[in-house]
Amino acid sequence: MNNEKLNIALLQMDINAGNPEANFAKLEQMLEKAVSGGRKLDVIVFPEMWNTGYALTEIEELADANGERTKQFLSAFSAKHQVNIVAGSIAESKADGVYNTIYAFDRAGETIADYSKIHLFRLMDEEKYLQAGDKLGSFQLGGQEAGMMICYDIRFPELARKLALGGAKLLFVPAEWPNPRLHHWKTLLSARAIENQMFVIACNRVGQSGETSFFGHSLVLDPWGETIAEGGEDEAIIYAEIDLSLVDTVRGKIPVFEDRRPNLY
Ligand SMILES: O=C(O)CCC(=O)C(=O)O
């Protein structure tokens, strides 16, 4: 892989709440489509909680035990197609409860990182059914540092800044971000990209779950905050090519990281 250029696909899918079978089938269909015709991809990204959706009242029974099913399926796919995968997030059950967890796979199919959402979203009762993670998530993607956050996490600028200070040049954000807060979604993602001078790759879901509707608008933003690719409101695979050398260019032109005054704030 050329370390500077990355070809990305975002699977902006609908999710069937409470039906992992349907969601695994949908994901497989979209994955096959993403790589069809011999298309060469460097990384594929999915939305948040794609295996179960927000079926929170049944989440203990539905969640993937230690992520085993997800890991088996995606490890085989990534190795077969030699593609990195940032596997959105899944509901994953562990001995002490259910977590909202991202797994990252490299081209050899190895699980190279995991991150469990650290900020639970009380407006959707996450704190009643899920456990919060207690560590940050980052990994090496083709020799470059990448950070991970999930949905509500983007409201916490300190988290993205910490990942950037740790060397992240790109940030992956799986989400199930609902209507009516499209303005917040776009503004917060742009702010995280601009203030940290990093690429932001944010994959949202579409469709309806009970009373809640999801608007898609998955986004790939460059370190200037410019939009490289944006989804509409329907299910789609969104492709983008990014050039990571732009991060150093932008950081060189406006040296935000050198000009910080952390002793004052
Ligand atoms: O912060 C928001 O407005 C949406 C967050 C959310 O839906 C989530 O974290 O699942």
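This briefing describes the fold of one protein chain, from its overall form down to single residues.

The structure is a predicted model: local features need a pLDDT of at least 70, side-chain atom pairs count only at pLDDT 80 or more, and totals for chains, interfaces and linings use all residues. Residues are numbered from 1 along each chain as its sequence is written. The protein chain has 8 helices and 16 strands; helices (H or I, at least four residues) and strands (E, at least two) are DSSP runs, numbered from the N terminus.

**Confidence**

- The average pLDDT of the protein chain is 97, and 99% of the residues score at least 70; pLDDT is the predictor's confidence in each residue, from 0 to 100.
- The model has an ipTM of 0.97 and a pTM of 0.97.

**Overall form**

- A compact globule of 265 residues would have a radius of gyration near 18 Å, and the 17 Å of the protein chain agrees with this. The radius is taken over C-alpha atoms, and the globule rule is 2.2 Å times the number of residues to the power 0.38.
- Along the principal axes, the C-alpha atoms of the protein chain fill a box of roughly 50 × 45 × 35 Å.
- Of the 265 residues, 45% count as buried. A residue is buried if 20 or more other C-beta atoms lie within 10 Å of its own, exposed if 12 or fewer, and partly exposed in between, with C-beta atoms placed from the backbone.
- Among contacts between residues at least 6 apart in sequence, 66% join residues at least 24 apart. Two residues are in contact if their C-beta atoms, placed from the backbone, lie within 7 Å.

**The sheet of 6 strands**

- Strands of a sheet pair through backbone hydrogen bonds, either parallel or antiparallel.
- An open sheet with mixed pairing has the strand order β8-β9-β10-β11-β14-β15; two strands pair if DSSP finds at least two bridges between them.
- The edge strands, β8 (137-141) and β15 (227-230), each pair on one side only.
- From one strand to the next, the twist averages 15°.
- Helix α6 (residues 182-196) packs on the sheet and touches β10 (170-175), β11 (199-204) and β14 (219-221). The direction of α6 makes about 160° with that of β11; axes are lines fitted to C-alpha atoms, for helices over the stretch in contact, and angles run from 0 to 180 degrees between N-to-C directions.
- Strands β8 and β9 (residues 144-148) run antiparallel and are joined by 5 bridges. Phe139 has Ala146 in β9 as its bridge partner.

**A hairpin**

- Strands β12 (residues 206-209) and β13 (residues 212-215) pair in the antiparallel sense over 4 bridges, and Val206 stands opposite Phe215.
- The two strands form a hairpin with 2 residues between them, and Gly210 in the turn has a positive phi of about 60°.

**Two loop residues**

- Ala63 sits in the loop between α2 (59-62) and β3 (64-65). Ala63 is buried because 26 other C-beta atoms lie within 10 Å.
- Beyond its neighbours within four places in sequence, Ala63 is in contact with Thr52, Ala91, Glu92, Ser93 and Val98.
- Gly167 is found in the loop between α5 (157-165) and β10. Gly167 counts as exposed because it has 12 C-beta neighbours inside 10 Å.
- Gly167 and Pro255 are 88 residues apart along the chain, and their C-alpha atoms are separated by 15 Å.
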